[in-house]
Amino acid sequence: MNTQLQFTLNGVGVTLANAKDANGHDRTLLDVLRHELGLKATRLGCGQGQCGACTVLKGQMAILACETWVSDLEGAHITTLEGLAQSGTPHALQAAFIEQQAAQCGFCTSGIIMQSTALLQQHAKPTRAQIEEALKDNLCRCGVHERVIKAVLLASGQACTNTNNSVSIQGLGLGS
Amino acid sequence: MNTTQHAVSTTPSSSVLSNLKKKPKVRDWLDLSPTGELQIHTGKVEIGQGILHALMRIACDELGLSPSGVKALAANTTRSPDEAVTSGSLSVQDSGATVRHVCAYVREACLQVYAQQRCVAKEAVLIKDGQLKAGAHSAQLVSFITDALLDATVSLQALPTKPTHDNPDVLLLNKSPAFTQRQDIAQKIMGQFEYIQDLVKPQMSWGLVLHPRTLKGQLIPERLSRFERLALNISGIERVVYDGALVGVLASSEHDLTRCAALLELESLWDESLSAIPSELQNNQHIGDWLQAQPLESQTITSQGVGPYTARVSSTTTSPSDLQGPAVSVTASFTRPFVQHASIGLSTAWARWRGDDKVHGEPSQLEVISHSQGIYNLRRDLGLAFGLPEQSVTVEHHAGAGCYGHNGADDVAYDAAWLARFKPEYWVRVQWRREDELGLSPMSAAMAVKITATASESGQLLSWETDLWSQGHGTRPGRESTPALLGAWQVDQSVHAAPILVAVNAPLQNGGGAERNAVPLYDIPNWAVYNHRVLSTPFRVSALRSLGAQVNVFALESVIDLLAERLNMDPLTFRLNNLKDPRARAVLARVAQMSNWSALSARERLDGEGWGLGFAKYKNSSAYCAVVAHVKVSETVQVMSLDLCADIGQVVHEDGANNQIEGGAIQAMSLTLLEQAQLGLDGVRSKDWAHYPIARFGQTPTLKVSLIDPMNSPSSGAGECSIGPTAAALANAVSQAISARIYNMPLNAENLLQSLES
């Protein structure tokens, strides 16, 4: 059976010689991205569709690459974190995440940025509640949630008052 | 204020002296790359916390260099100083102070040589933008870092330290993104950061190592045979191997391994009954009873004004302080169940065996790539496990996903080394599965804490007595005569016996383990802390961020609030009444200001709304942190805001410290409100995210962090100081919100209801 497959990845046409493995079994998009196409920013966190670390875009929709069979992607447009920057210029979300330093270990970050990209395509100026709802299935263990929310607000051109978590280093005030 | 020439002489700390005793030369810590980039050698490793950026900042501050010319290298046992484990919020404090001292030594040497060349006084030479300047002349500072200087022995005397925060030039420079933004974060956001999971090697194999779900599970031979037959039917599976209870699979791709692992869903390979997991552990409501019923090693950790363990103080004992007036007394018990490490990434390691010399007919040189927190300790235990001298093992650090304590990194390094023996000369990559990550990594020990405290009616604390029950909080590699590596405990024991190790606690002067932060910082005339170390090991436990401090500060600060309530005193006032330490008072005063605390008591509280305060000085020797939590409680707890103020001494990287303190607060919130391991007779049952919920985006409070920098105090780490105080602030806020004291974590509906009913 010919299982050759074509889809668009980060704006470039890709032809997979074989959408199935040698036993004729389906392969996940995550496996193909990481091990056949060498795009490593999409991460394996659980492989069970529960953590969001492998989030990518199919068209404008966020999907989980660990739960997506590549054989279902004929003709699809897939975008990964590597495809967000244009000619070396970071995407607005990437610039905002860098400015807010919205990461620590960064392992969940690419999934969060891809989920946020889908959100901004749906809501150009999302509210805090909409951001929290959109990211509810993206887990982060380092605890950068507040920074991420601010970065998404910033990327959507909304005032991101830094006063909330500004670092104010002051001398030792010996008040009561 | 012109302070460019202002220099404070800093005496090296004991940790700096100890580091320099082991590695005395400049070159041990600093080096130049062939292109003239300054390279920092550190034994501390990047675990998501930004230590390499902080060390770069220190070198830039001391030498007036820009970040583009300085890089801190990943640790490697062939080259880096042995700085034990990256833990305990000690990296900036110890490695940072050493790098600062070595850089100061180099700076003074460069100034000296240049001053002599220009025939001017050393004080007349300025350092700016990587240049030494004397009048109209200037020269590159790095050109004075010669081989002779690199080979020099670093002075152990006090050296002038250039303060970072009162030099206007440095301050200006430090606000540029190159200083404030971590380069690794930009790489992660741009998809350019290479994690250990992303490496590829030309001659490699993909490996899976399968462990029983309990420590003493035994392979069932006929099930293994079935598994092997089915596995070998999968096209990419090369080989199935086993030893004791361990099963290994070598394959040509990760995809094939995933298919192979799916076979285990049909049937487990092990009989887990030998582990005899106590059935009480299936219900976290019984955790306190279980802990206290175990074989215990009881000891007085520390005391003042009261006798040893057998002669206890009680609320009726007369002490001189009682003369102040009749005491109010509170006795309260608190518990927390086992909690899990729960990193988003999967523990991964690479190993390769090489060499012509043979040990037991096998190659004798082992190379390992690991995201371990302690590469030298791992090397030592790998040597023990495989009967190799340490010099035959090299361990290179490569960053993985976030690490918050003793996770599976060391264990999976053993797994890779064990499996790679079956394929010499090949790099073998082993990655745990999600169920291994949650089910095999060491947990943080369950704890029970009982406190009896008294105070005078005028609000002075009189006595304090704490009993705590917990397994130890450390089973890290590198400390025992047999390896502390999970797989080494589970292979056939006839070659290299490796018994299951019972968790231990570090001495209190090193921060302690279960007893960390059990000793109140408050001024109390009589106090004692008794630790009852649980000696049974149904499950492996080890260090998780802040160790016992999350539970101890939760309990201690709950009792402070209970006493204040009895005395009808404001909780902040009561704390300040009993706290002379000016730095402690300062963080409390600041956080009160941030949260408008004084107005809170007058504010009308809605039903189910509460505010709470929590404070601790981490390990009683490190950073100060005070937290105010605002919560709303209906069926569950919603945290509206967390205000934090910390004093971490001299701040090296403001935003990095802030990020650590915020992250600690969110993680503590998750641990305190949500987390509890679910255990069964067949091992850890909370082995996916559906069964081990952690904090999600919808639960994010607004966060405010403020840092106090007391001038000229040495740096402390920022990574763990907010954990205990956040847990405590939440306990106090929730208790206020439901008008009932909450004693048991997690603060979920079940435990809230129990508090309301009791």
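Q: Which residue of chain A forms a salt bridge with R696(B)?
A: This is a predicted model, where local features need pLDDT of at least 70, side-chain atom pairs count only at pLDDT 80 or more, and totals for chains, interfaces and linings use all residues. Residues are numbered from 1 along each chain as its sequence is written, chains are lettered from A and ligands numbered from 1 in the order in which they are written, and side-chain values use heavy atoms, leaving out hydrogens and water. A salt bridge is a side-chain nitrogen of Lys or Arg within 4 Å of a carboxyl oxygen of Asp or Glu. The closest N and O atoms sit 3.5 Å apart here, and the partner of R696(B) is D137(A).

Q: How many salt bridges does the rule find across the interface of chain A and chain B?
A: Polar contacts (a pair of N or O atoms within 3.5 Å, one able to donate a hydrogen and the other to accept it; residues adjacent in sequence count only if both atoms are side-chain atoms) turn up in 35 residue pairs across this interface, both residues at pLDDT 80 or more. As for salt bridges between chain A and chain B, the rule finds seven.

Q: Which helix of chain A gives the most residues to the side that touches chain B?
A: Helices (H or I, at least four residues) and strands (E, at least two) are DSSP runs, numbered from the N terminus. Among the elements giving two or more residues to this side are helix 1 (29-36) and helix 5 (145-155) of chain A. With five residues, the one that gives the most is helix 5 of chain A.

Q: About how much area do chain A and chain B bury between them?
A: Buried area is the accessible area (1.4 Å probe) that two parts lose on being put together, summed over both. Of this area, 54% is on carbon and sulfur atoms, and the total is about 5,900 Å².

Q: Which helix does the chain pass through from strand 17 to strand 18 of chain B?
A: Strand 17 (residues 362-370) and strand 18 (residues 393-397) of chain B run parallel, joined by five bridges; strands pair if DSSP finds at least two bridges between them. The β-α-β crossover is right-handed, meaning that, with the strands pointing away from the viewer, the path from the first strand over the helix to the second runs clockwise. The link is helix 12 (residues 375-386) of chain B.

Q: Where does P746(B) lie?
A: The peptide bond from M745(B) to P746(B) is cis, with omega near -5°. P746(B) lies in the loop between helix 21 (723-738) and helix 22 (749-757) of chain B.
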